[in-house]
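Hi everyone, thanks for coming. Let me put the structure up, and then we can walk through a few spots together.

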Amino acid sequence: MSDLPPEERLAKQRTLREWLAWQLRTTDATIRTLEAEVEQAKRQAQRAHAEARWKLEPARDRRSVLHRGGCGIWKGEHGYLDRHEVLEALADETLTVETCGVCRPETGLRE
């Protein structure tokens, strides 16, 4: 063991315990910060994925509205369309597709 008296050994152990508790609090705070950063990056990636795609509001009276994937006018989450699928929908003569006046989805269809 140690040549120190029990009181001093106890004081050292308490000091060590306080330091370890501080380390744990610091580590927990770092973990929380990193978890928040991971979640934010995930949301940004999902947003970027949506913005690069389109969504087609279901037809009413054979008229449908095309939106950018991130448009908040229509919240439908039934899947996103890629450029090729949108061009097919626009070419479909049995369906009238209007474009959203807010998100202006046609700009992303130009080459």
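Let's begin with Glu-106, which sits in the segment after β3, the strand spanning 96-99. Please keep in mind that this is a predicted model. Which side chain does Glu-106 make a polar contact with? The partner is the side chain of Thr-99, at 3.3 Å. Now look across to Ser-64: 42 residues separate Glu-106 and Ser-64 along the chain, and their C-alpha atoms are 14 Å apart.

Next, the hairpin. Strand β1 covers residues 54-60 and strand β2 covers residues 63-68, and the two pair in the antiparallel sense over 5 bridges. Between them are 2 residues, and in that turn Asp-61 has a positive phi of about 55°. As for who faces whom, Leu-56 has Leu-66 in β2 as its bridge partner.

Together with Trp-54, Val-86, Val-97 and Leu-109, Leu-66 makes up the largest nonpolar core, 5 residues in all. In soluble globular proteins, nonpolar side chains tend to be buried together. Beyond its sequence neighbours within four places, Leu-66 also touches residues including Thr-99, Cys-100 and Pro-105.

Among the residues Lys-55 touches are Val-65, Trp-74 and Tyr-80. And a polar atom of the Lys-55 side chain lies 2.8 Å from the backbone oxygen of Cys-71.

Key: Residues are numbered from 1 along each chain as its sequence is written. This is a predicted model: local features need pLDDT of at least 70, side-chain atom pairs count only at pLDDT 80 or more; totals for chains, interfaces and linings use all residues. Side-chain values use heavy atoms; hydrogens and water are left out. Two strands pair if DSSP finds at least two bridges between them. Helices (H or I, at least four residues) and strands (E, at least two) are DSSP runs, numbered from the N terminus. A polar contact is a pair of N or O atoms within 3.5 Å; within protein, one must be able to donate a hydrogen and the other to accept it, and residues adjacent in sequence count only if both atoms are side-chain atoms. Contact means heavy atoms within 4.5 Å. A nonpolar core is a set of buried Ala, Val, Leu, Ile, Met, Phe, Trp, Tyr and Cys residues joined through side-chain atoms within 4.5 Å. Buried means under 20% relative accessible area, exposed over 50%, partly exposed in between (1.4 Å probe, protein chains only).
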